[in-house]
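Subject: Structure handover

Hi,

Here is the structure I promised to pass on. Please open it alongside this email.

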Amino acid sequence: MRTLLLLLVMGAAASSAAQPNTPSAFPYPVKTDTLPNGLTVVRVPFHSPGLVAYYTVVRVGSRNEVEPGKTGFAHFFEHMMFKGTKKHPEGERERLLATYGFDDNAFTTDDFTVYHSYGPTAGLDALIELEADRFRNLEYAEPSFRTEALAVLGEYHKNEANPWLRMEERLLGTAFKAHPYRHTTLGFYEDIQAMPEAYAYSRTFFERWYTPDNTLLFIAGDFNDSEVMADVRAHYGPWNRKVARVPIPAEPPQAEKRTVSVEWPSSTLPRQVLAWRTPAAALSTPSAAIQAVLADYLVGTTSPVYKELVLGKQLVESLGSGFYPHRDPSLFSLHATLKAEESRPATEAALTQAIQELASGKVDPARVKAIQSNIRYSLLMNLETPNDVAGQLAWYAGIFGTPDALSRHLQNVARVQPEQLVSFAKRYLVDSQLTVLTLTPAAGGKP
C-alpha cells in the first residue's frame, strides 16, 4: 500500500481559471485549476501515447489522529475507501478498472494519503466518474467495516515480524510525548484491536477529512485537457464538504538526551539509530532543503563515514538516513545496520565525530554542491513515465500543500549554502534534541 506516488491538490481560494505555468525546476508544462468547492486539479500533458496517471492526495495522515483510542484511522480508512458506493457497490469499481487494465492502489503516510491509478487514456472518463463517486458518496455497512478492521489487524501482525516496526514504535514513542507522530501510521496495537467497535467514528473521520478543500488531484499523461476538466467539474463539482479544523497537539520541548533499547527475540543484525528533533517542513524556510542535503552529506555513499564504516573497516552492513520532510516538527535520523554487536561503539563514535566536525565549521563546499546536483538530477532523471511525474508531484504536494511544491523544494535545495549545514548541526544535532535507539538480538539470536 505504501509507494512514492501521488496527484490531487488541496486548494485554498476558489478559482476556475486555468493557470498555465512551467516552473523552472520542473521540466514539464503544468496547468492548475481550483474548483469553487476548493478542489485543486493539476494536469501535466506528457508524451505517453494512450497512457495516463491519476493521483488523488488527501492531506490526512497519522498526524491528524488526535483522539485517544483512535490511532491508525488514516491508514484504516485507506482500506475503507475501496468499499464502494450505492451506485458502484463493493467490487464493481475494481472490476470496471480491471477491464481497462488500470493498476490501482493507495498508501498512507504520517501527513497524507494517496490513491493512484495508472492505465489507458481510453478509461479516463470512467475513472473520473468512479473516483468522484467514492470520494463524495462512500458507503459501507457495519459488517463490512468490522471485517476490514480484522484485515488491518492481520496487516499489523504481518509487519510485526520485521524488526523495523518495533524499532519505529519504540523510537517514536520515546522521542514524542504529545504529538501524534508518537505512533506509526498503523497505530497503537490496542487501538487496532478496538477498531471493529468504531463504526460511528469512521463516518465522522470520512466527513471530517475527505473534503474537496483538503484534496489535490494530479493527472499526467496523454489526454484532452478541456474534456478532462469538463468531466472533473461535472463529477466533482457537487462535492461540498469542508475540512474540519482540529488542533494538533504541540510537542513540548525536549531538554535532554533520550535512549531506548529493543531486544529482538530471533536472528537479526544489530541496529543503531540516532534521531534528533528538527523543525517542520515549509517552503518558506530552508529547513527541509538543508536536511535533504545534510542526510547525504553525513551518511551518503560519498561521505567519509560511509567510506570508513561500510567500505573500509566493514563494520556496518548498511548506513543511511530516515529523513523525509514532515508537516510538523519531526526527526532527522541516521541509522546503521551493524555486522556485529562489537561494532556498536565504533559506529556511534564515527557518526558523532562527523557531526561534531560539521558543527565546528569543517565543511566541504565541493561535496555540498555535488550533493545538490545529485538530488536534482536523480529526481528529474526518474521522471520517465506519467506515473513517475504524477507520483513525485503528489508526494511533495501532500507534504507542503501546494501544486508547485516539488519545483519550489528543488529550488530551495539549490540555494542551500555550506555554512547553513554548519549552523543547522550546531543548533539541532545536539544531545538535548537526541534520541538513541539500539536493537540487539536476544542471546542465542545472533545470525
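Predicted model: local features only at pLDDT ≥ 70, side-chain atom pairs only at ≥ 80, totals over all residues.

The layout. The chain splits into domain 1 (31-237) and domain 2 (258-441). Their C-alpha centres are 28 Å apart. Domain 1 puts 38 residues into the contact, and domain 2 puts in 42 residues.

The buried area. Between domain 1 and domain 2, about 3400 Å² is buried. Carbon and sulfur atoms account for 70% of that area. On the domain 1 side, look at R59, M167 and L171. These residues supply 17% of the area that domain 1 buries against domain 2, more than any other three residues.

Charged and polar pairs. One salt bridge is found across the interface of domain 1 and domain 2. R63 and D328 form a salt bridge through their side chains, at 2.9 Å from N to O. Polar contact between domain 1 and domain 2 comes to 13 residue pairs.

The domain 1 face. Which elements give two or more residues to the side of domain 1 that touches domain 2? They are β3 (39-45), β4 (51-58), α5 (163-175) and β7 (215-221). The largest share of that side comes from α5, with nine residues. By class, the side of domain 1 that touches domain 2 holds 22 nonpolar residues, eight polar and eight charged.

If you want a place to start looking, go to α5, which gives that side of domain 1 its largest share. Then find the side chains of R63 and D328, which meet in a salt bridge.

Best wishes

Key:
Residues numbered from 1 in each chain as written. Heavy atoms only, no water. Domains from an automatic or database assignment. Contact = heavy atoms within 4.5 Å. Buried area = accessible area lost by both parts, 1.4 Å probe. Salt bridge = Lys/Arg side-chain N within 4 Å of Asp/Glu carboxyl O. Polar contact = N/O pair within 3.5 Å; in protein donor to acceptor, adjacent residues only side chain to side chain. Helix = DSSP H or I, 4+ residues; strand = E, 2+ residues; numbered from the N terminus. Nonpolar A, V, L, I, M, F, W, Y, C, P; charged D, E, K, R; others polar.
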